[in-house]
Amino acid sequence: MKDIGFHKDLTTGCYLNPFDGFEPKDMPIEERYDETTGVASRILPYRVHPARKPDTDAYVEKSPESICPFCPELFEKLTPKFTPDIVEGGKFKKGSAFLFPNAFPYDAANAVAILSSRHFIPLDQLTAETMRDGFAICRDYFFRIAELQKGYQYCSINWNYMPPAGGGLIHPHLQTIVGKKPTNFMRRLLASAQNYMAASDGGNLWRNILVMEEETKERYIVSTGTISWLTAFSPKGMAGEVDFYFKEKTSFFDLTEANFDEMLLGLSRVFLYLYVNNYMSFNLSLYATMTPDKNFWVQGKIMPRFELNPLGTSDINYFEKLHDEIICPIAPEQLCKELRSYFV
Ligand SMILES: [Zn+2]
């Protein structure tokens, strides 16, 4: 099997420790690089954890239902509509979920989906059931887009849950992107898979990542059937990263309703872990091609997000923004162990 391209280097920081009579103290730092994703990170040996339960009430107070464009009172008045050739009535609807154009689009076709009319759903209440209609409506929309044959080839379902992750509204909402070109990161994943195939005489990168990870068991959380869940070798976020792969699914339209249910149940377990561990926020993306591409398996990433109190300090700093490296004080192998117990 061709090497996946996970690299590790150890270096050591040293200082005189004020908490131990200024005795010398060594601090091991692990530098990691993942050729597949291009993500470089530094895994630090000390555990930083948001110690206090986040004050979600403060956010809800600042952003009440009465001024929320996604709550029933203002929804019809303030949300954009599609033209009738895309959907009769201007919006996609399923149960109490709706999908409509993003008022601040960043692509030719960029839509927003609300899970329901419920204004705030705490992390521990994001069950498969509460998320089902919201994701199903994104699926309906992608089917409609494919039917219109406008040449879109790449799609994603994305989520900024709560303000620390970039969420502009408390009201839970997903964002979909369909594109003729992949986003920059997706292009990287596609190229890695293509290069791997070419260099290994037809090998599939994702299959081999899963084989390797399942064998070493260090970052492999669980297989729930079609989906394998693992923690990323070199995480893209300070609180680590959870990845999930739909085995042998080479287009968004390969996914069945049962596959979605399996994904949502898994997501709800990760979200419960985050809730219990005092995180309040996450980013999520599900990446897929819209026509079968045997080199690319449908896959997703979840990144816990947080702010450090008392100042509300961001979990993104110069090292990530300007040096393109991630400082991660939780080892992916440790995160994996902790998550496993939520999947039993
Ligand atoms: Zn609302």
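In this predicted model, strand β2, which runs through residues 23–34, pairs with strand β3, residues 39–43, in the antiparallel sense, and five bridges join the two. One of the pairs to look for is E30, whose bridge partner in β3 is I43. These two strands belong to an open sheet of four strands, arranged in the order β1-β2-β3-β16, with mixed pairing. The edges of this sheet are formed by β1 (6–17) and β16 (325–328), each of which pairs on one side only. If direction is ignored, neighbouring strands of the sheet are turned by 25 degrees against each other on average.

From here the reader can move to helix α3, which covers residues 128–147. This helix has 20 residues and reaches 28 Å from its first C-alpha to its last, close to the 28 Å expected at 1.5 Å a residue. Which residues of α3 are buried? They are M131, D133, G134, F135, A136, I137, C138, Y141 and F142. What covers these buried residues includes the strands β4 (92–94), β5 (97–101), β6 (109–114), β7 (154–161) and β8 (173–179), together with the helix α6 (257–276). Just after α3, Q149 takes a positive phi of about 50 degrees.

The surroundings of C138 can be traced one by one: leaving aside its neighbours within four places in sequence, C138 is in contact with L99, A113, I157, L174 and T176.

Another strand to examine is β13, residues 299–305, which is mostly covered, since six of its seven residues are buried. Strand β11 (residues 242–246) pairs with β13 in the antiparallel sense over four bridges, and here V242 stands opposite I302. Strand β12 (residues 281–289) also pairs with β13 in the antiparallel sense, over seven bridges, and F282 of this pairing has P304 in β13 as its bridge partner.

The last stop is the backbone of some loops. Most residues other than glycine have a negative phi, and most peptide bonds are trans. Against that background, K217 deserves a look, with a phi near 60 degrees, a positive value in a residue other than glycine. K217 is placed in the loop between α5 (205–216) and β9 (220–223), and because it has 11 C-beta neighbours inside 10 Å, K217 counts as exposed. A positive phi, near 70 degrees, is also found at N278, again a residue other than glycine. N278 lies in the loop between α6 and β12. Why does N278 count as partly exposed? The reason is its 13 C-beta neighbours inside 10 Å, as a residue is exposed with 12 or fewer and buried with 20 or more. Finally, the peptide bond from N309 to P310 is cis, with omega near 15 degrees, and P310 has its place in the loop between β14 (307–308) and β15 (313–314).

Definitions and conventions: Residues numbered from 1 in each chain as written. Predicted model: local features only at pLDDT ≥ 70, side-chain atom pairs only at ≥ 80, totals over all residues. Expected span 1.5 Å × (residues − 1). Contact = placed C-beta atoms within 7 Å. Pairing = 2+ DSSP bridges. Axes fitted to C-alpha atoms, helices over the stretch in contact; angles between N-to-C directions.
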